[in-house]
Each structure stands twice: as structure tokens, then as C-alpha cells.
Amino acid sequence: MADQLPETLGPLLREAQARLAAAAIDDPALDARLIVEHFSGTTRTQAIADPERKIDESTIAAIFDALRRRAGGEPVHRILGYREFYGLRLSVSPETLEPRPDTETLVEAMLPFVRAVAVQEGECRILDLGTGTGAIALALLSAVPAAIATGVDMSAGALATAGRNARQLGLAGRFTALQSDWFEKVSGRYHVIAANPPYIPSEDIGNLQDEVRNFDPHLALDGGADGLNPYRIIAAEAARFLETDGRIAVEIGHTQHDEVSGIFAAAGYMPGGAFRDLGGNDRVIVFERTKP
Ligand code: GLN
């Protein structure tokens, strides 16, 4: 019952942590803090400086409900409704993958190129295929004022979330949301074509962690029989939309480096760099065109 939760900040945090620990949640202290701070609008400093601070009844009820959902296995960022990505707070929705730190690797890999193009050309045009929350495009836009981006997704719900994120970050003037099945509705030429496509082989979806399998949209995970279909589509169709000196950057599953490289090599692309995530796994490959 909600009224069994303590009404002051310090004890409330301890009880929240105890309930998540009892439910065998991985990091009960962190998740308790995220939930209590989010719903009560308090900060960590306040919790330390003012543990006797009184929390009102409706806030306690919201925290109770959030703890119940978390204890039931719902990812904490789905409950909060946002996740930090590259220092940006991005709203998530049921139609979007939760942005992951692994994907920041792609942003960092492409940033020097985006900056260089912006300086040389006065503008860098980015196409983000399967944009979801808009994470990749919005992170690059936030870092490079002369960049503009089109975020493509099949899902209208995902695009609504991406558009909302662009507005919340003050980037809407440089971000266009486009509903399209890969390149179907895309026009124009881009200096960067980026994608974190679905790359899990269909038959492996069932083996993903519960929090991924039950809460991330399968449209954003399922890459077909061998997980590589999106790379085949991008490799086959990107040339018409890529500037002569443009680059393609794709996130990959950690075992897919050689296969994905092979797909792009066969389509006439040169390797332009491979990058590991913070866990040391192969995560991003960049390709350059070999011919105009
Ligand atoms: N990295 C994600 C996961 O394993 C998959 C994301 C994707 O398919 N693009 O949960």
C-alpha cells in the first residue's frame, strides 16, 4: 500500500531501495534514486542535506506505482519516460528503442567528419535511418550547429517521439522527421548516412534479456533471418543518396564486423574505420565510397 511508504525523503529512499533489492533488481540503489528523484523533483544533494524533507501524498502514490512497475521487471527508463543519451535527455515511447550508451560510439565516431564537412561546405546533411528517439541525429545536431538532419523511421509513433525530442532540445529547426521504409521516400543527397538498424537474427529475439525482449519494439531489433537484412538494403541503395565524399556509419552486433564489412565491400564501399564500444565490443563501422 502506498501509505506504507515513509513520507520523508531519506527513509523513503531507503525503503524504495529495499523493495527493489527484494525484487532482485540489478542496481536497486540507482533505480530507487532515479525514481524518487524524478517523481519528487528532488536532487541527490537534497536527499543528503535534508532527509527529513516531507514528500506529499500524491507523489508518494506515484513513487509507489513506479516501484511496483520496476519490481515487475519494467526498465527504469521506460517508467521515467526518458533516458540520457550523449548528455541529452531523450523521451522514450513504446515505439522507440531505448537509446543505449553503445550507440554513443557512432556519434563519437562521426563527429570529427560532421564538423569537418560543416566547416568546408558550410553545412553537413545527415540522414539517420531508423531514427527511433532521434538519438543519433539529435546528438550530432546538438554538437554541430551547421548540421541538419532527416530522421527516417517506419513507425509514426517513433517519429512523433523523435519530433518531440527535437523540439524539447531546441533542434526542431534543423531536424525533419520522415516516415519511410528505409530509402523509399528519401530524396536529396547527404554527407552522412547513419543507422542503428535492427540487427538481431529473428530466432535470437526470444533469447534477449527480459527488459529488452519485453519492452523494446521488435521492429527495432529484428534484422531478419541472419540479422543482416538492413545492411544489405543500405549497402544496395545508399549510393543514390550519398554525396561523393560522404560516409556511411552503421552500428553492428558485436559478432557482425566481418559479415557487414563484406556486404559493403561487395557493394563498392571502402572501409573508413571500425570502432568499439566501452565494453570493448565491435560496435560501429564507417564506410566511404570508392567511386562517384
Ligand atoms: N543493441 C541492442 C540489443 O542488443 C540491439 C539494437 C539493434 O538491434 N539495433 O539489445
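Predicted model: local features only at pLDDT ≥ 70, side-chain atom pairs only at ≥ 80, totals over all residues.
Which residues are exposed on the other side of H11?

1. Contacts link 5 residues of domain 1 with 5 residues of domain 2. On the domain 1 side, the touching residues divide into 1 nonpolar, 2 polar and 2 charged.

2. UniProt, in an unreviewed entry, places the feature "domain: Methyltransferase small" at residues 123-200. That stretch is 28% helix and 31% strand. Its end C-alpha atoms are 34 Å apart.

3. Next, the ligand. Its surroundings include Arg-100 and Asp-102, the run Asn-196, Pro-197, Pro-198, Tyr-199 and Ile-200, and also Val-212, Leu-221 and Glu-251. By class, the shell has 6 nonpolar, 1 polar and 3 charged residues.

4. Now helix H11, residues 257-266. Its buried residues are Val-260, Ile-263 and Phe-264. Seen down the helix axis, they fall within an arc of 90 degrees, so they line one face of H11. An α-helix has 3.6 residues a turn, so residues three or four places apart point the same way.

5. The opening question can be settled here. Asp-258 and Ala-266 are the exposed residues on the other side of H11.

6. What covers the buried residues of H11? The cover includes helix H10 (229-237) and the strands E7 (242-251), E8 (269-276) and E9 (282-289). After H11 comes Gly-268, with a positive phi near 100 degrees.

How values were computed:
Residues numbered from 1 in each chain as written. Buried ≥ 20, exposed ≤ 12 C-beta atoms within 10 Å, placed from the backbone. Helix = DSSP H or I, 4+ residues; strand = E, 2+ residues; numbered from the N terminus. Arc of directions from axis to C-beta. Contact = placed C-beta atoms within 7 Å. Near = placed C-beta within 6 Å. Nonpolar A, V, L, I, M, F, W, Y, C, P; charged D, E, K, R; others polar. UniProt positions renumbered as here; feature names shortened; annotations may be inferred.
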